[in-house]
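I set out to record, entry by entry, what I looked up in this structure. The notes follow the order in which I consulted it.

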Amino acid sequence: MNDFRIFTSIRYDPILLEAPSLGLPNIGWNQKPSPFYMLDFHRDRMLRAATHWDWTAAIATISGGKGLDKLHIFLQSITSEVGSGPRRLMITLAKDGSLAHQISALPEAPLNNLYPKYLPVPTLKSSMQAGDSKAPAKDPAYEILIDSQATARSEFTHYKTTSRDMYNDARKRAQLSPGDKKELLLINEDGHIMEGTISTPYFWKDGKWVTPPVPRQFDISEGSGGNDGTTRRWALERTLATEQVVLADSLVDGEECWISNGLRGFILGRVRLH
């Protein structure tokens with residue numbers, strides 16, 4: 001696997017420029033304002049991966065304030081003529097420090113789903129929650145499936161790279177296509193939920209939202225084996241969720257959950273076991 005690249009998928013969206021003026025609290029990088037969703041978290045994750053593999057040139061490209069500025073300027077240059085709608089920016093970083101990109105269309109997303117103040121309690125049906133303008137939208141809801149086979153934990157499930165056969169194979173088993181409003185949860189050899197193929201999951205357990213544990217640096221003996229996602233970090237740092245092992249056989253058909261990623265923010269899901 002010597003020809004892989006580190007990558008991340010970033011949401012470019014001009015509506016993010018409005019976020020500071022709307023009084024959305026604690027939005028981090030996008031307080032600047034900036035049209036690049038959680039850019040600093042994307043850089044940090046790529047830098048941890050480059051450090052893990054000791055890619056000296058790649059580390060030099062994106063490390064420190066200058067590295068973040070360089071990445072920001074690179075994104076500005078590739079989006080200067082993309083128009084007014086949101087875009088998916090797939091940014092790859094090679095061992096030699098070179099950056100590359102692909103751009104594709106992306107659906108609109110409410111700001112409350114990109115920066116939720118909280119994740120609604122599944123059983124709470126009060127009018128206060130239903131009418132709360134700060135609540136993330138629950139439409140569309142995704143079907144959340146569980147993989148039929150276990151996936152081995154590895155460096156390539158902890159760090160996000162172009163080596164993604166384990167995710168592609170799982171989606172093929174579930175017959176998922178890119179446009180489906182469905183997500184597939186991976187399970188490890190111990191029967192624990194690892195992550196989704198393209199998202200971080202959150203489950204309501206013991207009166208709080210929890211997400212599978214992931215160590216800061218790769219350690220095959222720690223955590224459930226999934227990726228340290230950007231929106232996952234955002235949710236944990238703002239106490240929207242905490243880390244907890246989630247057994248696959250603890251999930252109930254029809255239960256509400258949430259998933260999130262750096263392209264679409266936070267999306268409601270419903271577990272489907274049958």
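**Entry: Thr79 and its surroundings.** I began with Thr79 in this predicted model, and asked which residues it touches once its neighbours within four places in sequence are left aside. The contacts I found are Tyr12, Phe36 and Leu89. Thr79 is placed in the loop between H3 and E2. I then looked up its accessibility: the relative accessible area of Thr79 is 6%, under the 20% limit, so the residue is buried.

**Entry: Ile78.** I next turned to Ile78, which belongs to helix H3, residues 64-78. Is Ile78 buried or exposed? Its relative accessibility is 14%, and I therefore noted Ile78 as buried. With neighbours within four places in sequence set aside, Ile78 is in contact with Ile91, His101 and Ile103. I also looked up the separation of Ile78 and Ala100: they stand 22 residues apart in sequence, and their C-alpha atoms are 9.9 Å apart in space.

**Entry: Arg88.** I located Arg88 in strand E2, which covers residues 87-93. At 23% relative accessibility, Arg88 is partly exposed. Beyond its neighbours within four places in sequence, I listed its contacts as Ser9, Ile10, Gln102, Ile103, Ser104, Ala105, Leu106 and Leu263. For one of these, Leu106, I also noted the spacing: Arg88 and Leu106 are 18 residues apart in sequence, with 5.7 Å between their C-alpha atoms.

**Entry: the whole protein.** I then stepped back to the overall architecture. The protein contains 8 helices and 11 strands. Its radius of gyration is 18 Å, close to the 19 Å given by the globule rule for 274 residues, so I recorded the protein as being as compact as a globular protein of that length. The C-alpha trace spans about 50 × 45 × 30 Å along its principal axes. I found that 53% of the 274 residues are buried. Of the contacts between residues at least 6 apart in sequence, 67% join residues at least 24 apart.

**Entry: surface and charge.** The accessible surface of the protein is about 12400 Å², and carbon and sulfur atoms account for 51% of it. I also looked up the charges: there are 32 positive and 32 negative ones, and their mean positions lie 4 Å apart.

**Entry: aromatic pairs.** How many aromatic pairs does the structure hold? I noted 12. One of them is formed by Phe4 and Phe156, in an edge-to-face arrangement with 5.0 Å from centre to centre and 90° between the planes. Phe4 lies in the segment before strand E1 (6-12) and Phe156 in helix H6 (residues 155-158), so this pair ties together parts that are 152 residues apart in sequence. Phe4 is buried at 10% relative accessibility, and Phe156 is likewise buried, with a relative accessible area of 10%.

**Entry: helix H8.** Why did I record helix H8 as largely enclosed by the rest of the structure? Of its 8 residues (230-237), 6 are buried, and that is the reason. The buried residues are Thr230, Thr231, Arg232, Arg233, Trp234 and Ala235. I looked up what they pack against, and found helix H1 (39-52) together with strands E7 (200-205), E8 (208-211), E9 (242-243), E10 (256-261) and E11 (265-271). After H8 comes Thr239, with a positive phi near 55°.

**Entry: backbone geometry.** I closed with the backbone. The peptide bond joining Lys32 and Pro33 is cis, with omega about 5°, and Pro33 sits in the loop between E1 and H1. Another cis peptide bond runs from Asp139 to Pro140, with omega near 5°. I placed Pro140 in the loop between helix H5 (127-130) and strand E4 (142-150).

Met38 is not a glycine, yet its phi is positive, about 55°. Met38 is found in the loop between E1 and H1, and with a relative accessible area of 2% it is buried. Asp54, also not a glycine, has a positive phi of about 55°. Asp54 occupies the loop between H1 and helix H2 (56-62). At 57% relative accessibility, I recorded Asp54 as exposed.

Technical notes. Residues numbered from 1 in each chain as written. Predicted model: local features only at pLDDT ≥ 70, side-chain atom pairs only at ≥ 80, totals over all residues. Heavy atoms only, no water. Helix = DSSP H or I, 4+ residues; strand = E, 2+ residues; numbered from the N terminus. Rg over C-alpha atoms; globule rule 2.2 N^0.38 Å. Buried < 20%, exposed > 50% of the residue type's maximum accessible area, 1.4 Å probe, protein only. Contact = heavy atoms within 4.5 Å. Areas by Shrake-Rupley, 256 points an atom, 1.4 Å probe, with all protein chains shown as cover. Lys, Arg positive; Asp, Glu negative; His and termini not counted. Charge placed at Lys NZ, Arg CZ, Asp CG, Glu CD. Phe/Tyr/Trp six-rings, centres within 6.5 Å; stacked < 30°, edge-to-face > 60°.
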